[in-house]
Structure formats: structure tokens, C-alpha cells
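Here is a friendly tour of one protein chain, written for someone who likes to know the cut-offs behind each term. Have a look at the model first, and then we can go through it together.

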Amino acid sequence: MLKHYRGGPTPAVDSPPMDQWTPEEVDAHMTYMSDFAKRLVETGEFVDSQALSAEGAFVRHDGEGRPPVTDGPFAETKDLIAGWMIIDVESWERALELAGELSAAPGAGGEPIHEWLEVRPFLTGVPGNTE
């Protein structure tokens, strides 16, 4: 499950970005996320979660020497992806159920933010590999 800063379908709630929330609102959001993860540990469905810093850069190999590093002008994941949670569930339906619940994390004013979460399974094999 990928948490996005922005992107995806039009938000259901017009919540300001987290950097505009009060410290108490950020704490409430992070507590919700932590409590959610603890419940998934208890059910054996939790694998990992990480919040990502807004700092970062795109890097690519460009032959010998220093690799090119850029901060734009295209959309970068540091502007889009806030973090992830890896879960191990029995079905796609369970993954969707948990994503829907995680989407209700509180935001500004303590109201659920109803954020869109991207749910994607791991690639379990190399496409086209018949071995």
C-alpha cells in the first residue's frame, strides 16, 4: 500500500498537506498509523512500513564520472510517495479492506482524510520467464 502526498483521483476531503497541520494533528495521524500496524502485527498480516523524507533526488548512470542528479522539472517520487506499508494477506479483497481502513487516518482538524492509497502486489516472477 503506497501513501501519496498527492496524485490519484480527486480527494474526497480537501485536507491541507501535512506540512500545514499542527503538531497535534501530525501526532494523531502517526498514532493512527502506528496503532493500525500493531493490529496487523497481531493478525500476522504486517510485514513492514516506512515513512519517507521529502528529501531526495533522481540519479542515473550516464557513463564514467559523476552520475547526473536532478531535482526536476518532472514529478519526483519524493513529491508523491509519502511512505508504504507492506502487508501479507490471504486475498486481494483483504488488501482492499485494509487499505480502506488506513485511508481513514485523521488529518487536519482530526477528521479522517479519506486519502487514496495505491494497492499493488509484489511482482512474483519475471514476465515472460517460463522457468
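How much space lies in the second largest pocket?

## The second largest pocket

The answer is about 420 Å³, in a model that is predicted. A pocket here is an open set of points on a 1 Å grid over the protein atoms alone, where a 1.4 Å probe fits, with protein on both sides within 12 Å along at least five of seven lines; lining residues have an atom within 4 Å of a point. Points are joined across faces, edges and corners, and the volume is the space filled by probe spheres set on them.

The lining has 16 residues, and those closest to the pocket centre are Met1, Ile87, Arg120, Pro121 and Phe122. Strand 5 gives the largest share of the lining, four residues, while helix 3 supplies at least two.

## Ground rules

Residues are numbered from 1 along each chain as its sequence is written. As the model is predicted, local features need pLDDT of at least 70 and side-chain atom pairs count only at pLDDT 80 or more, while totals for chains, interfaces and linings use all residues; side-chain values use heavy atoms, with hydrogens and water left out.

## The fold

Three helices and six strands make up the elements of the chain, in the order β-α-β-β-β-α-β-α-β from the N terminus. These are DSSP runs numbered from the N terminus: helices are H or I with at least four residues, strands E with at least two.

Of the 131 residues, 24% count as buried, meaning under 20% relative accessible area with a 1.4 Å probe, protein chains only.

Which residues of helix 3 are buried? In this helix (residues 92–102), they are Ala95, Leu98, Ala99 and Leu102. Seen down the helix axis, they fall within an arc of 100 degrees, so they line one face of helix 3; the arc is that of the directions from the axis to the C-beta atoms. Their cover includes helix 1, strand 5 and strand 6.

The largest nonpolar core has 14 residues, and Met1, Phe36, Leu40, Met85, Ile87 and Leu102 touch the most other members. Such a core is a set of buried Ala, Val, Leu, Ile, Met, Phe, Trp, Tyr and Cys residues joined through side-chain atoms within 4.5 Å. Helix 1, strand 5 and helix 3 each supply at least two of its residues. Beyond its neighbours within four places in sequence, Phe36 is in contact (heavy atoms within 4.5 Å) with Met1, Met85, Leu98, Glu101 and Leu102.

Terms used. Buried < 20%, exposed > 50% of the residue type's maximum accessible area, 1.4 Å probe, protein only.
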